[in-house]
Amino acid sequence: MAHEEVPTTRSITIEDAPDPFVLAIDIGSGSTRCCLYDAYARPVKRRTAKADHVFTESSDGTVEIDADQVTAEVADLIGQISEGIAPGRIRAVVMDTFASSLVCVDADGHALTPCFTYADSRSGGHLAQLRARLDETAVHQRIGARLHTSYHPPRLLWLQDEFPDVFAQTAKFLSLGEYVYAVLAGVEGAATSTMAWAGILNRHTCELDDELLAEVGVDRSRFAPIIDPDQPLTDVSPEVARRWPALEGAAWFPAVPDGYASNVGVGADTPDVAAMSAATSGAIRVIVDGTPEVLPSGLWAYRVSRSQSIVGGALNDVGRVMLWLKSTLAPAPPEAIEQAMTAPPSAGTPLMLPFLTGERATGWAGDARAVLTGVSSSTTPLDLWRGAAEGVAVSYARVFAQLVEANPGLQRVIASGGVTGHFPGLMRVVAQAIGFPVQVVNVKRVTMRGAAVIALSVLDPGRPMAQIPPTEPVEPDAAEKSTTRRCATASRPPTTR
């Protein structure tokens, strides 16, 4: 097919969709989604389904979800999407999930714990112990991730101390995606990117890091084998075909973190293009060959395969900040919020450190909490919205500055995620803070699309993927530079440990 004939990402009817089909699953912070994609990674009409869920959260740092609930959601959605499709047409199942999750599983494959999410910070005390015992700079350069409550090392120590019986019964420590696959398809395997996002993979050897495992007292045999994203799992339980006939013979590609899938989904799969995600959480990431020799202190570098890494930084709270303001402190009409975000900046705007569930990049203060400053008797709810938007934007800016340092050839920033649609004015504030154009793409469910592209690149490697319709970038305004500098100074995180 000639280049000009490559279709766009618009959905297509199943009658017109060419094989092979890929069934993609996305487990996010607020829902589980499932969609059927055709050979060009276009969503098939009327073959998309969703199940909403919420994390269980409390003031002690708990942020978790029932792993069996999510597994049941996935099973139900697979049934809805695959019903009536002839066996053999769906050639692959692929999944992305929120990253840095952990489920303790017994020898019979049953979950002993809920799924602990990236935002759970109850291991803060054990994080402090690790930081006292280890050279964190050396760990960061070796692992590509800082010591933090989002990752496995402090969480494994916390489990040993707080739940010793559960820890002793645990045969495998699995990510949520691995657990869902094991229960539904009887397959075992952890994507390289999943283990990297867990904070225990040596980025230079692409193997589990012996020093960290020894420090937390866990043997590598309690983790699944590590496989690259182009190595599908084909030893699937016969129960799959009996339960879902359309999946007979389908390969199950290893579940990957949503950040990796998101980059691929928006076309940010080369070193000159960064992907900015703005959903419940947020990030800026770029895929590079190999791994950086020296990594800036505020960023991570996760191996996504033995040949590539994804470099960037993540924010725990982006959409979560907006939802919190809307439901608690400052409810306001959408049009008024948009006006506040797109208005010229004001020196009297209150500022917010937007760390409702702790800070990841660049300060990595897992026990940090949100702070509002500069609030006066004249402050309005819309002033709070603007201050929160500036706080989120400056968090992005700190990540972006170090990303350019690590990858100076960056030429484009592509933004996606639910927040870009619900609060489009935020991207204007972000572009101003980073001093760089931000191109918001109009593509739905980019993480699921990215997961589908990963599978299709193996199933049909010569076929081009559907093109994302171009959009005009949001440009920063040079006249507002001085105000942006004020925001950056005032919004410096409480700690840069």
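1. Helices H13 (residues 381-406) and H15 (residues 425-434) pack at about 45 degrees, with axes 8 Å apart. That angle makes H13 oblique to H15, since angles under 35 degrees count as roughly parallel, over 145 as roughly antiparallel, 65 to 115 as roughly perpendicular and the rest as oblique. Axes are lines fitted to C-alpha atoms over the stretch in contact, and angles run from 0 to 180 degrees between N-to-C directions. Helices are DSSP runs of H or I with at least four residues, strands runs of E with at least two, numbered from the N terminus.

2. The contact (heavy atoms within 4.5 Å) involves residues of H13 including Arg386, Glu390, Tyr396 and Phe400, and residues of H15 including Leu426, Val430 and Ile434.

3. This is a predicted model: local features need pLDDT of at least 70, side-chain atom pairs count only at pLDDT 80 or more, and totals for chains, interfaces and linings use all residues. Residues are numbered from 1 along each chain as its sequence is written, and side-chain values use heavy atoms, with hydrogens and water left out.

4. Asp38 sits in the loop between strands S2 (31-37) and S3 (43-52). Asp38 is buried, at a relative accessible area of 0% (buried is under 20%, exposed over 50%, partly exposed in between; 1.4 Å probe, protein chains only). Its side chain and that of Arg42 are joined by a polar contact of 2.8 Å, i.e. a pair of N or O atoms within 3.5 Å, one able to donate a hydrogen and the other to accept it, with sequence-adjacent residues counting only if both atoms are side-chain atoms.

5. Just after H3, Gly144 has a positive phi of about 85 degrees.
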